[in-house]
Amino acid sequence: MESHLQALLRASVPISLRDDVREVSRTTLSLLGAMSLVVFLACDPATPPLVLEAVTPPSDLTQLDQAVQVQFADLQAALEAVPEAPSVASGSAWGALGQWFHAYGYSDSAGSCYRNALLLDSSEPKWSYYAGILEQESGRWETARGYYRAAAELAPTELGPQVRLAELELQLGEADEAETLFRAIVARDPDETLSLLGLARVAMTRQDYFTALTHLQHLVELQPDAAEARYALAVTLRQLQREEEALAELALVPADNLDQVRLAPQGPWDSELVRVDRGSRALTRRGVRAFRARDFGRAVELLGRAVGSDPSGADERINYALALSEVGRLPAAEEQLRLGLEFSQPGSELMGKSHLELGRLAVKQHEAEAARAHFDAALNLDSTSVAAHTELGRLNHRQGRLEDALSHYESVCAGARPFPEVCFWRGALLSVLGRGDEALMALEEDSQRFGDNPRLETLLARLLVTQPSASSRDFARARSLVAPAIAGTPGAPDVVVAQTLAMIAAAERDFGRAIAWQGSVVQALGDEHRRDLQIARRRLVLYRQGNPCGSPWERLEGLIEVRVEPPEDAS
Amino acid sequence: MVLIGACDSAREVGKPAGDQGREREAESLRVDGNGADAPIVFADIAVENGLDFVHSNGMTGHLYFAEPVGAGAALFDVDGDGDLDIFLVQGGALGANASDAGIKGRPREGGGPWEDSPSGGRLYRNDLKVSGDGSRTVQFTDVTMESGLQASGYGMGVASGDFDNDGRTDLYLTNFGPNQLWRNVSDGKRIAFEEVTQSAGVEENRWSTGATFADLDADGWLDLFVTNYVDFDLLSHKTCSSSGGRPDYCGPQSYDGESDRLWQNRGDGTFQDVSGRAGILLEPSSGLGVVAVDLDLDGWLDLYVTNDLRRNVLWHNRGGDGLSFEDVALETGTAVSMLGRAQASMGVVAEDFDGDADDDLFMTHLTADTNTLYVNDGGGTFEDRSNPSGLGASSLEATGFGVAALDGDNDGRLDLVIANGAVKSIEVQARSGDPLPLKQANQLFRNFGSGRFTDASQAAGLEFSRLEVSRGAVSGDIDNDGRSDVLITNNNGAARLLHNVTESGNHWIGLRVLEKHGSDALGARVQVLTRDSSVWRRVSTDGSYLSARDPRVLVGLGLVEAPVSVRVHWLRGGIEEWQSLAPGQYYSLRRGEGDPVKSEEQE
């Protein structure tokens, strides 16, 4: 009986593959002025020679990362060195070249290489597997199915082809076939995550949401961070009318794809393909993912390798530096940033980015003036840089140079890309500097343009109840402004909101309530927030003395997110 | 070129036909008309009929992010003569002069390989002639200069709508750079536009893409929603790379997302920016497409925004005068793929694909990702039916941009034409030295009912095997013959006007649904009834990719040749019915001129 692989090869290569191939000769042609490999498999003299598919080096080879070019040259040399006959070695050489093309996105050439590899060594299942992946990605699902089946026949103990085949069957609408395959996999490995997800999906297509729920609950125990598991669970819960639980699950799915943990085939063949990719971009992508997952050690390793792949890449240097900085290797980080600066085009965004990061590193090292010099340099390169203005604002703010800080915050808020957080501090500083009217006006405007921003509205509420003129105070509006902030923080309000509630109560001369809230704030703040604790205590004294708070924001006050237990009569 | 009409009559009827009391014949709208096996076929008639537009993206090897993104087109009746005219959005050169001036995307003065191309978008007047024997001739004349419509900037898209309720369709042009609002001031003798961007208060200098005119507060005046893409300008240009390190176009995640913009029409020719108040600033993203459609059937138009590699947004309209929205995409199942992953959504259409009287969503995505069909359960919650519908796997090989939902064979079911063109280099084309190796074939998906679509591209004519970098796909009946044609825009290439030459033998009815003052009633829902079936369509110009379509509703009737009834569900409440409308014609249905339908008669 004809195997799946034989059928595929017969379909994809116009010349039939014979068992009696006795003699092989190879001719190297020069196409596009570079390497071209066309292998003629000369068979019985009576039959035409078997022709392998021609493959040429990519026309943009010289534009690739240095490490990638070297990798290609090695594979090319390996191909030249293999014996001129169908064999494991010649199949492997073509397959490895296919992996190179596959990893770097040359799917046409990759497909040709894999097919050549299969012609030369049809006993190796992974070439079928990779060819199947390429076909699946191109939407040729029936062909992909054949390749996966071939791989599964040749390697029945390998889960990769079976998992992909099962997923494909499900996508093709063959739920029964998919279920059989998934169940067989789970019988061998009860914790195979993709199969658990697959079984859940099969159940979902049959609207059997209780069964789906069982599989998904098991899955999230194994992989609590897997985005697709959480999302499928949310969909299932929604179908079961468990809306609140569904929303809770949705909240666990990171919005940014880069922040998501994905379920992916973990078999040796998949890992092998991932390892082929030595391009700086892939390493950077993986490094950034590790960084975002706060796995900084891994990020250092991957981003360091990315630098090795593209030693003159400014981006790679900066990324590496950020990871080094996170693991406390500050001098090494600084060195990488200086190299980033060196490799940046003069006047480019990367140069600005290097300065910014050097500035941030200097802040970390308590070198304020060095930081200022770098932030200024970034600003010189782009006078509208929001990041540079923000950093200079913060730096001046920390140093007590409030007018200078305000000026930078103003630049951000007046620019094309204002940030609510910066505009909050603009409002806070205006009030600290006794420019309450301006603060009020700015906050009213910001509150409108940023929609319902709890921070801005909380500060606006404070301003509304601390107006010098009693007739200008607006208690009702202040209360309504704070209400969403309370509603938006389930459990308990934070220090800022709680102090605002106290401030409003005091302004309304309900000192009992003000003292209750402020007392709770004092209790909530520990020694690590000593400065804010002092401010909170001062306010508590004021209320105990029967005085309302005169200033909405204190010079050294911070945005503390510590939760405050509401007093008993806080209703 | 002479086009032979497929129907016996295509005359404009100013008012609904009489004969309202006549009993309808015992025929239902058959979904398998007698032309069910006839292929849907299109033929490009652009150049031979005077539509000689060639888009230029200005590429110079710098790989500026804006180059492969544009551009769109509009099909609209600029001069009120009853046929569709065409506006095509132009790109231009992106050069040092623009960046020196600090202006995003301002075309370079001369220079570059496109210096001979006419700058700015072009307006083509359609001089459709219908002979006594029913034969039709379309001829396009470039009237850009005489119209005064000087589209400046590096063009992206266009939205059409009558924002000042004067009965003439105006255009809002989105750019990589400052947008423009052009007020149509044509009279019976001449086509004319005046720019009113500043005076109307709709200035937007960021990189804008999709846009829609929609009466979101139901006050009788069209508001304006504009999607902005990312925070990119020539000064912040980055060179991205392929996985191996070769320089390549960047993706949207290389830049910060932008928030969109919503302007409320004050009714006096000016708009007020209500973006913050309405709540839409909360989700800065990478918007490319938008449709204004009442997805939960609560009487208020919602906004569905497709974002490139960021979650899509469904702005649920809370209703009322104040314009207030909340994003419900995640909980309604329209934000991300089945895997919980944001897709690179480009073009989008909202239509009732499964014939259950609510609007579904279809959107296009990158190569190796499926296009997505979200099917509405009637309450505004959706199920991803991409794979079961057959629209999933068949889209993996191409990057979809524009999408036109049209009934290609008038069988009563909406088919899909998808404009494809990659954004990442295609190996075989790059090897052959193609300077823009992003070319892919467009696709036609035929709706066979039961929720299944089939790729019918091979039988659809030469145009569906041509490799181009297509972007916009706009449907409209260019020769009023009752068959939906498609205008395709190509990045750095010629526009194609795909004339529908399908010989299905099915019947049809065309409807232009108008407000009292003569504007298209955008947002109204149209129900075409036969004895025991009904087809729902929406009156709109938005959707697809960067484009604006024919506002008329063209409904395929299959075998039904007897007169039908039409109910219009007006946006601001009220239902009117027109009875005994004979197929094979276009009708203008004006608010207040139909028979009011009482609420108990509505179903």
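The paragraphs below treat the interface and then a sheet in chain B.

This is a predicted model. The size of an interface is often expressed as the accessible area that is lost when the parts come together. Between chain B and chain A, about 3,700 Å² is buried, with carbon and sulfur atoms giving 45% of that area. On the side of chain B, the residues that lose the most area to chain A are B:S243, B:E427 and B:R431, which together make up 19% of what that side buries. The contact draws 42 residues from chain B and 48 residues from chain A.

Two salt bridges are counted between chain B and chain A. B:E397 forms a salt bridge with A:R140, in which the closest N and O atoms are 2.6 Å apart. Elements of chain B that give two or more residues to the side touching chain A are α4 (275-278), α5 (329-332) and α7 (427-431). Of these, α7(B) gives the most, with four residues. By residue class, that side of chain B comprises 15 nonpolar, 15 polar and 12 charged residues.

Attention now turns to the sheet. In chain B, three strands form an open sheet in the order β10-β11-β12, with antiparallel pairing. Because β10 (154-161) and β12 (193-195) of chain B are edge strands with a single partner strand each, one side of each has no neighbour in the sheet. From one strand to the next, the twist averages 40°. Seven bridges join β10(B) to β11 (residues 170-184) of chain B in the antiparallel sense. B:G155 has B:N175, in β11(B), as its bridge partner.

Definitions and conventions
Residues are numbered from 1 along each chain as its sequence is written. Chains are lettered from A and ligands numbered from 1 in the order in which they are written. This is a predicted model: local features need pLDDT of at least 70, side-chain atom pairs count only at pLDDT 80 or more; totals for chains, interfaces and linings use all residues. Side-chain values use heavy atoms; hydrogens and water are left out. Contact means heavy atoms within 4.5 Å. Buried area is the accessible area (1.4 Å probe) that two parts lose on being put together, summed over both. A salt bridge is a side-chain nitrogen of Lys or Arg within 4 Å of a carboxyl oxygen of Asp or Glu. Ala, Val, Leu, Ile, Met, Phe, Trp, Tyr, Cys and Pro count as nonpolar, Asp, Glu, Lys and Arg as charged, and the others, Gly among them, as polar. Two strands pair if DSSP finds at least two bridges between them. Axes are lines fitted to C-alpha atoms, for helices over the stretch in contact, and angles run from 0 to 180 degrees between N-to-C directions.
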